[in-house]
Amino acid sequence: MTERKRILSGMRPTGRLHLGNLHGALDNWIQLQQQYECFFFVADWHALTTDYATPGQIRENTWEMVLDWLAAGLDPAQSTLFIQSDIKEHAELHLLLSMITPLPWLERNPTYKEQQQQLDQKDLSTYGFLGYPVLQAADIIIYRAHGVPVGKDQLPHVELTREIARRFNFMYEREVFPIPDALLTEVPVLPGLDGRKMSKSYGNCIFISEPEESIKDKISKMMTDPQRIRRNDPGDPEVCPVFAYHKLYSSPGQVADVAHGCRTAGIGCVECKQILMHNVLSRLGPIHERRLKLERETDRVREVVLTGNAAARKEAALTMAEVRKAVGMS
Ligand code: TRP
Ligand code: SF4
């Protein structure tokens, strides 16, 4: 077998995943499994950089997320699935990288300032939060990954990872780390129920594992084209979040029919939403089935993670042996 290129990505454990997560990242990971050697992990230490004062949810969120991963189709037979904090080598590499990372690189990181302002109810003037990208760099290069599938928001972190890896190789005169590339995933942003970006903090999400009745209820209350007030008013599908969902969930023929029907007032919003409900539920049906089954097989899920952890640990240990040699600490 030819050597497949290795990719790695992580998600912070935010608990149950929503449809935005499914289409924004998870679907892409699932596709990549066939082509690459994949490492996917739960970035629970990263969650701690912002939630250190209230860490109680992180464990439960980790398991909920792993269940969604498996239910959606991440396949432990193809990919290594693991939990960051179970691989202590990440912490060691983070420490060693912190020695060589110039402070200004971190201070000028755009997401650092942005997040500090956005999460202003939390005190993020901490050492750990400033070092967030150094830990992320350690996550990536400890597996000598070639590619990192991420969204646009993570590009500054991957860029910083490249700079840190280059600096390490240069400083210790060894090509210990390949320089990873970001694999940018261009995905249409799925709007939330109210038309804004789907986000837990806005309370406008549909969750992957949400029961059918609740999904129907949420879709029936979704925002539509605000100009379309009465049934006879023609609408503009391009400004309607319901139509954005049709583009993802409905057949090309249905999408065309709905668009035409909307513009000519030939279809009402209730009917339009019913078509959507049907398509969303048939797409999520198999995922729900798998998830229910997994919820009853906690031992198997644990086993998947323990196996993934062991495989990850083995790789990380190999890299760390090289790293310790390079820094004269072996
Ligand atoms: N920072 C990433 C996010 O918030 C999560 C993450 C942590 C990550 N370590 C990583 C992503 C390594 C890719 C590679 O989404
Ligand atoms: Fe939106 Fe469909 Fe109503 Fe048009 S008919 S406004 S696309 S819900």
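At 26% relative accessibility, Arg-144 counts as partly exposed, a class that lies between buried (under 20% relative accessible area) and exposed (over 50%), using a 1.4 Å probe and protein chains only. This is a predicted model, in which local features need pLDDT of at least 70, side-chain atom pairs count only at pLDDT 80 or more, and totals for chains, interfaces and linings use all residues. Residues are numbered from 1 along each chain as its sequence is written, chains are lettered from A and ligands numbered from 1 in the order in which they are written, and side-chain values use heavy atoms, with hydrogens and water left out.

Arg-144 lies in the loop between helix 8 (132-141) and strand 4, and its phi is near 50°, a positive value in a residue other than glycine. Glu-173, in the loop between helix 9 and strand 5, has a positive phi of about 55° and is exposed, with a relative accessible area of 73%. Helices (H or I, at least four residues) and strands (E, at least two) are DSSP runs, numbered from the N terminus.

## Strand 4

Strand 4 (residues 147-150) is covered on both faces, with Gly-147 and Pro-149 buried on one side and Val-148 and Val-150 buried on the other. This strand runs parallel to strand 5 (residues 181-184), to which 4 bridges join it, where pairing requires at least two DSSP bridges; Pro-149 stands opposite Leu-183 in strand 5.

## Around ligand 2

Ligand 2 is surrounded by nine residues, among them Thr-224, Asp-225, Arg-228 and Cys-240, where near means a heavy atom within 4 Å. Helix 11 (241-249) and helix 13 (269-295) each supply at least two residues of this shell.
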